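Subject: Structure handover

Hello,

Please find the structure below, followed by notes on what was found in it.

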Amino acid sequence: MNDNASADGRVWRLPTRSGEYAVSAAPDGSGLIMVGWGPPEDQQPWKEPVAVYELDPDTVPTEYSAAGTRHGRGAELIVDHGEGLIGARLRLDPAQVTVDTEGPRSILRAVHTDTTGHLRLTCEIETSRDHEVVAKRVIAKNTGGRPLTFPRLFSAGWQLPIGPGARIDYLAGGWAHEFFEHRAVLPAGEFSIGSRQGITSHRYSPVVTVSALDDAEADDDGPCYSIALAWSGSWRMLVDAVPDADRVRVAGGIDDETCMITLEPGESFETPASLGICSTDGPDELAREWHDYQRGRLARSRGVDHRPIVYNSWYATGFDVEVDHQRRLAGIAAELGAEVFVVDDGWFAGRTNDRAGLGDWVPDKIKFPDGLGPLIDSVSEAGMRFGLWVEPEAVNPDSDLFRAHPDWVYRAGDRPLVTSRNQYVLDLGRPEVLAWVGQTLRDLLADGRISYLKWDMNRPVSDGGRPGDDHGRQWSVQHARGYYALLHLLRSEFPHVTVEACAGGGGRIDNAVLALTDVVWTSDETGPRDRLAIQHGFLSRYPASVMSSWVTDEPDKLDHDPASLGFRFAVAMTGVLGIGSDLLGWDAETRSRAAELIMTYKQIRDTVHNGIVRRHGHPRDPLYASEFSDEGRSCLLVFGRPGVAAQPRIRPLGLDPDARYRPNGGEPITGASAMTEGLPVRWSLASDADLIILERLR
Ligand code: GLA
């Protein structure tokens, strides 16, 4: 413990990689206020405003406030003491603020008390000199003698010096079109996104980026603040632009519409973390800061071990899984250069379609008369790892599991159960259910031959709750924590197992999932032009090193624009490449071209996964590129649409102007001239796709 180590006067300064997050005690004693964020020279001091027809606690931009302390403007916390007493009057004694420094990390803890004596609220702020992310969370403790309920217990508030008004950039969409970039201009009022579905959702990604309204017309190079939630249950984030106020509040946490947290006397609750980045250099820089954090802090490794080239059977075979057929697919996948063979849905007992079998996680006796062993033998002999699709949180009514335990699913009292994709969701808030799922995973992985799991979750939770149990009102918290506990179990007991997170495509991707899994299935849409648009948005907030992307066959169900094999490979090469095609339908020429392309990908994947990404324009433009750069080289994956110039040039964005590079093994060129004159696009992969590799000369 290093009391007030970083305090200078009453300002506590927490260093990040290139700046700091500085807070001081609010003048009215109600909490902390943010007094600076970013490089010291860019910080904007807080000026005490004049309160007219508002009470002081409203105009003070307190970091975290309660209804009852902040009266007119929204609060991060609402507490119900029972017997009609709502809210809290928070007090912060500056002597109760401490800073721990441990290596590059700093954690500030500020202990607030409520004047009732029923509640202690500790706000934590954590930074590191290794990255730019500021992590905030609160721990609420019931210090009274009767239960407290929390209609709202958000993770954090952020009071950002960009007002009045805000420009908001966020990612939104739906199934098969996740992660599209959207912008809202908010001169005054509240903007809110979230999920009520018990999972992160396809609709919105839990991250908002706000900047000054004045920049809305200008190019995106002003300072901006990107705030995320590391949470995979129901959630809400809001941006609150009070008219005329110079601070815009971003707040969020566990959803306050579907979740009510109860704390018995003596109990504590720690919220998920809210993460924030202050960036002064535009969208590419912001993406880079998120990626650095996700790759360096959240991911367990950087190498290829946990991001192998997958062959996945789903698009080739659907539920029609059959051992010899899978074996033949595996043989070709290995020849092409795949590193793991994954049997998707359809391998377990009774699973001939999506109406049966979920919950019965043993190989189907008809499809695999001798179990999975013979297929695993073939896959291993071909030099690949073996993996399986699972959906451990779900159960079909037509399954032995449901017949044995109909009470294990979420059930809102006597209301009729609602199926979606013919399935229910297991109540992971029940210890016996969680224990059963954990044991099922252990049994499946026990012999050590399965080293890859694609973990799916194919429906939202609609019947959350557990009548008779007050804690059932926090089902979505229990569900998310149950899911995390199971992922922890996999990490600790089966560290060799790579986990690909999936929820009907990209329905559960967030910074908490990235900390506990290895790659994520970004979307069920693999039509290459649609997919490129999805990946474009994804890469603005999440890294290529987790972005699972497969080459599949045409025609795509949704994306009817034709695209060459080279184009489809190039799309997958911008992430963690996989193959989902029906390889038995590929002729010898296609296979040999695919093998070459996979070889090329293996040469560039370290740069793609660990380099800095820069996006050129938008995939709807006639010419679009994703550029990845590390110290030794830059790789541009270039995509053409109808209407593209016959011999276009492309200007790399991330070269060192003074260094010399050899583009695709040709004549050396300086970074400066490549970036100003551009490089010719030669369509080396196909008539609509190119790969330009610029090796840096020493
Ligand atoms: C979800 C996944 C797909 C596939 C199917 C199998 O939709 O996103 O990739 O695994 O389930 O049922």
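For the charge count, Lys and Arg are taken as positive and Asp and Glu as negative, with His and the chain ends not counted. The place of a charge is NZ of Lys, CZ of Arg, CG of Asp or CD of Glu. On that basis, the mean positions of the 72 positive and 102 negative charges of the protein chain lie 1 Å apart.

This is a predicted model, in which local features need pLDDT of at least 70 and side-chain atom pairs count only at pLDDT 80 or more, while totals for chains, interfaces and linings use all residues. Residues are numbered from 1 along each chain as its sequence is written, and side-chain values use heavy atoms, with hydrogens and water left out.

Overall fold

The protein chain has 13 helices and 39 strands (DSSP runs, H or I of at least four residues for helices and E of at least two for strands, numbered from the N terminus). Its radius of gyration is 26 Å, close to the 26 Å that the globule rule gives for 698 residues, so the chain is as compact as a globular protein of that length. The radius is taken over C-alpha atoms, and the rule is 2.2 Å times the number of residues to the power 0.38. Along the principal axes, the C-alpha atoms fill a box of roughly 75 × 70 × 45 Å.

Of the 698 residues, 61% are buried (under 20% relative accessible area, with a 1.4 Å probe and protein chains only). Among contacts (heavy atoms within 4.5 Å) between residues at least 6 apart in sequence, 68% join residues at least 24 apart.

Strand S31 and its partners

Strand S31 (residues 576-579) is covered on both faces: Val576 and Gly578 are buried on one side, Leu577 and Ile579 on the other. Strands count as paired if DSSP finds at least two bridges between them. Strand S30 (residues 547-551) runs parallel to S31, joined by 4 bridges, and serine 548 has valine 576 as its bridge partner. Strand S22 (residues 310-312) also pairs with S31 in the parallel sense, over 2 bridges; here valine 310 stands opposite glycine 578.

An open sheet of 6 strands has the order S32-S33-S34-S39-S36-S37, with antiparallel pairing. Its edge strands, S32 (612-616) and S37 (669-670), each pair on one side only. S32 meets S33 (residues 623-629) over 5 antiparallel bridges, with arginine 615 opposite serine 626.

Helix H10 (residues 528-538) is mostly covered, with 10 of its 11 residues buried; among them are Arg529, Arg531 and His536.

Regards

Notes. Buried means under 20% relative accessible area, exposed over 50%, partly exposed in between (1.4 Å probe, protein chains only).
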